[in-house]
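Let me put the model up on the screen and then walk you through a few things in it.

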Amino acid sequence: MKKTLLLFALAIMTTVGYSQKKKKSASKSSSSSEVLAKSDNLTAEMGKNAFNLYLNDGGKKEALFTRPVDPKRKLSECKITSYKAKDTKLYYISWVEKGTNKTDLKTEEVTSTVSEIWEVSTKTQVAANTHTITNITEKVFLDQAKEVSETQQRRRVEGSEFKLLPNGDAILKGKSGETKYTYDPATKKYVAAGKKK
């Protein structure tokens with residue numbers, strides 16, 4: 001009788017231990033990365049509060065870069081585009097981060113467009129740009145007693161707007177006008193080619 005009880009207790013403990021291990025592995029898979037875009041041997045993934053670009057080289061996954069993302073923001077519109085500039089294969093990686101900052105009197109809707117260009121064969125970042133637009137809606141009081149108010153809206157723009165041209169050149173458009181950039185293979189950078197006003 002003692003042997004039967006001991007065997008029964010051992011069977012229950014084994015079942016409970018196995019069930020607990022299964023729960024741990026299930027929670028591990030739910031916290032895995034979300035694939036946002038793929039191109040050639042590159043994969044863009046959203047991990048825990050970070051945007052990651054991975055290079056798959058012969059079955060080996062290597063992080064090309066990682067960018068932190070504010071947990072209050074949502075990431076969307078991720079693209080990986082390959083192109084040639086001056087006979088060099090480059091990759092244009094872009095994504096949009098959107099978020100809202102809200103207080104009792106003010107709401108800010110923030111949209112940031114991040115653009116990066118990489119020469120993957122040498123693991124070199126060629127260019128990087130962030131363009132942020134913040135739409136602000138604010139309740140402003142018109143008297144000291146705070147009885148009369150109006151809603152004001154304004155827009156704040158930070159950085160320059162980035163545009164990649166079909167020939168591999170790029171344009172940065174900001175408050176002071178447009179600047180055209182062209183790829184220089186010797187320095188592995190984009191350099192100013194001229195300025196338009």
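Before I point at anything, a word on exposure: I call a residue buried under 20% relative accessible area, exposed over 50%, and partly exposed in between, with a 1.4 Å probe and protein chains only. This is a predicted model, so local features need pLDDT of at least 70 and side-chain atom pairs count only at pLDDT 80 or more, while totals for chains, interfaces and linings use all residues. Residues are numbered from 1 along each chain as its sequence is written, and side-chain values use heavy atoms, with hydrogens and water left out.

Let's begin with the sheet. Strands here are DSSP runs of E with at least two residues, helices are runs of H or I with at least four, and both are numbered from the N terminus. Two strands pair if DSSP finds at least two bridges between them. Five strands make an open sheet, in the order β5-β6-β7-β8-β9, with antiparallel pairing. At the edges sit β5 (73-85) and β9 (149-158), each pairing on one side only. Between β5 and β6, which run antiparallel, there are eleven bridges, and isoleucine 80 stands opposite isoleucine 93 in β6.

Most residues other than glycine have a negative phi. Glutamate 77, in strand β5, has a positive one, near 50°. Asparagine 49 also has a positive phi, about 55°; you'll find asparagine 49 in the loop between β2 (42-47) and β3, partly exposed at 37% relative accessibility.

On to the rings. Rings of Phe, Tyr and Trp (its six-membered ring) pair if their centres lie within 6.5 Å; planes under 30 degrees apart are stacked, over 60 edge-to-face, and the rest tilted. That rule gives six aromatic pairs. One of them is phenylalanine 51 with tryptophan 95, stacked at 3.9 Å centre to centre with 20° between the planes. Phenylalanine 51 is in strand β3 (residues 50-57) and tryptophan 95 in strand β6 (residues 88-102), so that pair links parts of the chain 44 residues apart. Both phenylalanine 51 and tryptophan 95 are buried. Ring pairs also tie Phe51, Phe65, Trp95 and Trp118 into a cluster.

Last topic: salt bridges, meaning a side-chain nitrogen of Lys or Arg within 4 Å of a carboxyl oxygen of Asp or Glu. How many turn up in the whole structure? The search finds eleven. Take glutamate 108 and arginine 156, with N to O at 4.0 Å. Glutamate 108 is in strand β7 (residues 106-119) and arginine 156 in strand β9, 48 residues apart. Glutamate 108 is buried, at 14% relative accessibility, whereas arginine 156 is partly exposed at 36%.

Then there's lysine 188 with glutamate 119, the closest N and O atoms being 3.4 Å apart. Lysine 188 lies in the loop between β12 (177-184) and β13 (189-196) and glutamate 119 in strand β7, so this pair ties together parts 69 residues apart in sequence. Lysine 188 is partly exposed, at 27% relative accessible area, but glutamate 119 is buried, at 5%.

One more: glutamate 138 meets arginine 154 with the closest N and O atoms 2.8 Å apart. That joins strand β8 (residues 124-141) to strand β9, with the two residues 16 apart. And through shared partners, salt bridges connect Lys106, Glu108, Arg156 and Glu158 in one network.
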